[in-house]
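Subject: Structure handover

Hi,

Here is the structure for you to look through.

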Amino acid sequence: MLEGLESPALPRAAASTSVAGSSGPAACPPPSPSAPRSPESPVPRRGGVRASVPQKLAETLSSQYGLIVFVAGLLLLLAWAVHAAGVGKSDLLCFLTALMLLQLLWMLWYVGRSSAHRRLFRLKDTHAGAGWLRGSITLFAVITIILGCLKIGYFIGFSECLSAPEGVFPVMHAVHTLLQVYFLWGHAKDIIQSFKTLERFGVIHSVFTNLLLWANGVLNESKHQLNEHKERLITLGFGNITTVLDDHTPQCNCTPPTLCTAISHGIYYLYPFNIEYQILASTMLYVLWKNIGRKVDSHQHQKMQFKSDGVTVGAVLGLTALAATIAVVVVYLIHIGRSKTKSESALIMFYLYAITLLMLMGAAGLAGIRIYRIEEKSLDESKNPARKLDSDLLVGTASGSWLISWGSILAILCAEDHPRYTWYNLPYSILVMVEKYIQNLFIIESIHREPEKLSEDIRTLRVVTVCNGKPVASSCLKSGGVAGDVAPRGREMPPAAKGNVCMREDCGKEEEKQEESSWGGSPSPVRLPRFLQGNAKRKVLRNIAAFLFLCNISLWIPPAFGCRPEYDNGLEEIVFGFEPWIIVVNLAMPFSIFYRMHAAASLFEVYCNI
């Protein structure tokens, strides 16, 4: 269980010396590779490689099991969506209820076993399960439970013509949500080192159960959006597009009808939060699955600190964008589908608003990337499942918007007739791709930055190196800030640097190289503009992160609550055909919606780490 902690700790002086040797301008020569190996030095054993084979096999088997469950669930979802013979909604709900019940049994077993062995030391991944992430998933879980209560009320109102699984499913989903949030709060950071094969199957089952619940929520919400879109097309008189409504309203009366109507509308307004909850839970469980059997070093991740000082500009601009978004969404939903003139004016208003916001976000992202490039600081390349998953999700989910944008651009170029709003759609589609590309670069580089602060000992050892029998060159001690770091008067040198201190013999040459680089060589932190020196640089980056965070929440709101110009402009549907384009939008839109929420979460982490 303590495999990762069995290696003996190095003395502080030796560890500090190794840091200096790796990062400073001077270093003692390393031992020759041809030197004979000492008898005490460890020799790599083949048994270590063999021991990892069963773990890799268990990981492969568990992932294949999860994919089999996921594919089976997707086929059931597809069969219900296309009204396949012999497959009804009750069959799908029975399958999802069985998966949730199996996950509940596993979580209860894991929590019980952890409580029984709570005195044992357990390895933790300090990067996983951040407090703000658990707080977010708790908020979404509360709304998901409210959604379950509304579904129970809906079942009671239509109990005469609804099957029993439609009443059991929301109850089981609420219980599943409560226990899963409790489980993630207590065990999201665990690095499991016992019962690893069994735990792999349990965790991967939980991952794909949540993904299927996410797909079910996406399908229900997409059906509702599609029905509203078809009603708008009927109102606008599109006779060349098939507009058969795909309604699943129960074939009986609800009592009281007013309450049932309010519940029905409330359910679909809460679906976006349920969708975000399921995908967040699946990502946290996936990190837990990747951490099973993992060996970690003793490096501890620094705690994130939320500081609100100095971000007035970014917060004001972001809140202004958020207020403008809410106003645009309200006006859009009121005007779209009322008449042809009002629909076109609503589309033009949305495109102008989105173009302005995307241009500001792209400029902010470019400014942040430029600051990082000038600073030229090394990146942290250590293995981290949570960080790698964040980067992969940013790039992967952005492909949804890129697919829709390329479809819109192609439709504009190939269309025979171009309405007035078409020429606003073209720059909007281009800016969607460019802005996400820039934002991904900014976020990924930000989360891979090394910690900002270094201790005094390490900063000193970047300049000097402990060697035996060589004095310090006086010319080197006079060079700029080096003399102040090496031997300040009235201060004792760090323990690792006590004794003889040597510099490289060609210290004068290094001094000349530094002067040359300050004029025409590679950029260094000294070359930052004066207004970005010190704490000012952090304030600028924090303002950029705060602005982008609020803007991503702003851009999450329109598609999540029914403001989707990809549906309503009608141009792509004429070029590609109604059903092909609707399939593309229904497949890509959930990823686009999730991208905005995930980008907002990543930017919050970036803000706290700056």
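Below are notes on the salt bridges and on one helix pair.

One caveat to start: this is a predicted model.

Salt bridges

The count comes to four salt bridges. Three of them are described here, one at a time.

Take Glu199 and Arg113. Their side chains meet in a salt bridge, at 2.6 Å from N to O. Glu199 lies in helix 6 (residues 196–236) and Arg113 in helix 3 (residues 89–116), so the pair ties together parts that are 86 residues apart in sequence. Are these two side chains buried or exposed? Glu199 has 0% relative accessibility, so it counts as buried. Arg113 has 11% and counts as buried too. The cut-off behind both calls is under 20% relative accessible area.

Next, Glu445 and Arg373. They form a salt bridge, with the closest N and O atoms 2.4 Å apart. This pair links distant parts of the chain. Glu445 sits in helix 11 (residues 422–447) and Arg373 in helix 9 (residues 340–375), 72 residues apart. Glu445 counts as buried, at 11% relative accessibility. Arg373 is partly exposed, because its relative accessible area is 46%, which falls between the 20% and 50% limits.

Then Glu435 and Arg596. Here the closest N and O atoms of the salt bridge are 3.1 Å apart. Again the pair links distant parts of the chain: Glu435 is in helix 11, Arg596 in helix 19 (residues 578–609), and 161 residues separate them. Glu435 is buried, with a relative accessible area of 2%. Arg596 is buried as well, at 6% relative accessibility.

Helix 10 against helix 11

How do helix 10 and helix 11 run relative to each other, parallel or antiparallel? The axes of helix 10 (residues 385–414) and helix 11 come within 9 Å and cross at roughly 165°. That makes the two helices roughly antiparallel, because an angle over 145 degrees counts as such. The crossing of helix 10 past helix 11 is left-handed.

What kinds of residues make up this contact? They divide into 16 nonpolar, eight polar and three charged.

Best wishes

How values were computed: Residues are numbered from 1 along each chain as its sequence is written. This is a predicted model: local features need pLDDT of at least 70, side-chain atom pairs count only at pLDDT 80 or more; totals for chains, interfaces and linings use all residues. Side-chain values use heavy atoms; hydrogens and water are left out. Helices (H or I, at least four residues) and strands (E, at least two) are DSSP runs, numbered from the N terminus. Buried means under 20% relative accessible area, exposed over 50%, partly exposed in between (1.4 Å probe, protein chains only). Axes are lines fitted to C-alpha atoms, for helices over the stretch in contact, and angles run from 0 to 180 degrees between N-to-C directions. Angles under 35 degrees count as roughly parallel, over 145 as roughly antiparallel, 65 to 115 as roughly perpendicular and the rest as oblique. A crossing is left-handed if the near helix is turned anticlockwise from the far one by less than a right angle, and right-handed if clockwise. Ala, Val, Leu, Ile, Met, Phe, Trp, Tyr, Cys and Pro count as nonpolar, Asp, Glu, Lys and Arg as charged, and the others, Gly among them, as polar.
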